[in-house]
Amino acid sequence: MFRSRVRAAVLAFLVLLGGLTTTALTAAPASAAASCAGGVSVYGVLPDGRLSYTTIDPDNGNITHVVVSSKTLGFTAKALATLNFNTLLVTSTSGVLYRVDVVTNSGSLTFNDPIDVQHGWTHNLLSYDGHGHLYGTTSGGSLLQYLVSAAKPGTNQIGQRREIGSGGFTLKTLAAAGDDRLIATASDGQLISYAVSQTGTTYTRAQLDDAGWQSFENLVSPGGGLYYGKNPDGAMYWYEDDDPADGSGTDIAYHLNDPVASRGWTQYLLSADPAGCTSTTPVKPLRSKIATLATGEVGTTEASCDKYNDGCNYGANDWCAMFATWTWAAAGVADVPRSTWVARGLGKWGVDHGLFKYRSSSTHGSPKIGDWVIYGPPDGTTGGHVDVITAVHPDGTLTVVGGNVSNKVTRRVIDPDTARSGADNVLISGYVSPPGA
């Protein structure tokens, strides 16, 4: 599904006992406004009942530490939630809620015998928000909230059960992304966030993405706008949400060419320490503004295309490049080549200014929201096309908005490896990033 960039420096960890293969890749610094106390801590349950512990560098997605226990839980686990760095809550398929106390996760992973805390826990998914609330979903689609009043809770320290919502929470994955803030995926590919009120009586739902997230078996978050998703093939990918509280997915950065690992994550349950990272609310980023402006123009016909450039002449001239440069200029990008009316000319402008990212057979080219998509070689000749990226999906597809497509501004989802456009029906050669973004 994804292709990983070939890098000069590759550090591989092989944990034979767990069958866990991980690959650490160098990467650009993180763009999310995340502040982490240390590495991202992720616990997992392997199919044979053993536990794993992994730390990930939040700045670049590199794995820095892996240990697997020799001891098994002694029961078949159904759901997992991490309370803190050395305490887990695990439910069994028979409905028992266990507390698992980790003794060490340094040179080895050892834990005490699981403690039977409560019965009747038949939840499909569990996640702890790091601030006293444990969340779970039921097979009937309800979202429940519990108060956890101790770092190592016993029978009487987990209670005050509340039903946050019923019927609408048939989710594939669930992770706490902050204080009473959840992130989830649905089987149809949606990425969803939920902000639960302090009273636990209401919630706000926001769709961060409408497609592409259905492949993930697990989704975890340490907070701070960092999300990690694991596929059935054992690959794990990481994502950075610039503002995890804004209810928008347009500011999520996707590391399509730089996974945490391309294989080897064989755990069927995963959970991150929820208190590892915090975030600050940044100024709304330029890329998000470009995507919002482009999406707002969907449906505009060529009869109105002169708003993008007088040279459009009501559609008498090709105007995809006029639309693309308008989105950047309207968003506040400086020195936009507004006089360049040829799509492949915009590609050449990107090359000349060091802003062009090539798409080839070995790399997607790291497309990002707000980039121009250039169809045809960036050589300034005619016969190509240009779109604006408004969403990047985990399955590698892109949502793009383009002018002069079927005589109007259109929004569509494309596979960048096979999509063709323009008078010459050409493939995508690469992307141009807005300067300063």
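Asp 335 lies in the loop between α2 and α3, the latter spanning residues 343–352. Helices here are DSSP runs of H or I with at least four residues, strands are runs of E with at least two, and both are numbered from the N terminus. Asp 335 is exposed, with a relative accessible area of 69%. Buried means under 20% relative accessible area, exposed means over 50%, and partly exposed lies in between (1.4 Å probe, protein chains only). The phi of Asp 335 is near 60°, a positive value in a residue other than glycine.

This is a predicted model, in which local features need pLDDT of at least 70, side-chain atom pairs count only at pLDDT 80 or more, and totals for chains, interfaces and linings use all residues. Residues are numbered from 1 along each chain as its sequence is written, and side-chain values use heavy atoms, with hydrogens and water left out.

The buried residues are Ala 343, Arg 344, Gly 345, Leu 346, Gly 347, Trp 349 and Gly 350. Their cover includes the helix α2 and the strands β26 (356–358), β27 (372–375), β28 (385–392) and β32 (426–432). Contact, here and below, means heavy atoms within 4.5 Å. Just after α3, Gly 354 takes a positive phi of about 70°.

Now step back to the whole chain. It holds 3 helices and 32 strands. Its radius of gyration is 24 Å, close to the 22 Å that the globule rule gives for 437 residues, so the chain is as compact as a globular protein of that length. That radius is taken over C-alpha atoms, and the rule is 2.2 Å times the number of residues to the power 0.38. Along the principal axes, the C-alpha atoms fill a box of roughly 75 × 50 × 30 Å. Of the 437 residues, 59% count as buried. Among contacts with a separation of 6 or more, 56% come from residues 24 or more positions apart.

The surface and the charges come next. The chain exposes about 16,800 Å², and carbon and sulfur atoms supply 50% of that area. Areas come from the Shrake-Rupley method with a 1.4 Å probe; for residues, only the protein chains shown count as cover. There are 29 positive and 37 negative side chains, and the centres of the two sets lie 3 Å apart. Lys and Arg count as positive, Asp and Glu as negative, while His and the chain ends are not counted. Each charge is placed at NZ of Lys, CZ of Arg, CG of Asp or CD of Glu.

Turn to Trp 319, in the loop between α1 (286–296) and α2 (320–331). Trp 319 is buried, with a relative accessible area of 0%. Leaving out residues up to four places away in sequence, Trp 319 touches several residues, including Cys 305, Tyr 308, Cys 312, Asn 404, Asn 407 and Lys 408. The side chains of Trp 319 and Asn 404 are joined by a polar contact of 3.1 Å. A polar contact is a pair of N or O atoms within 3.5 Å; within protein, one must be able to donate a hydrogen and the other to accept it, and residues adjacent in sequence count only if both atoms are side-chain atoms.

Asn 407 lies in the loop between β29 and β30 (408–414). Asn 407 is partly exposed at 47% relative accessible area, and its phi is near 65°, a positive value in a residue other than glycine. Lys 408 lies in strand β30 and is partly exposed at 35%. Its contacts beyond four places in sequence are Gly 299, Thr 300, Thr 301, Trp 319, Gly 402 and Gly 403.

Strand β29 (residues 398–405) holds Thr 399. Thr 399 is buried, with a relative accessible area of 0%. Its side chain makes a polar contact of 2.7 Å with the side chain of His 393.
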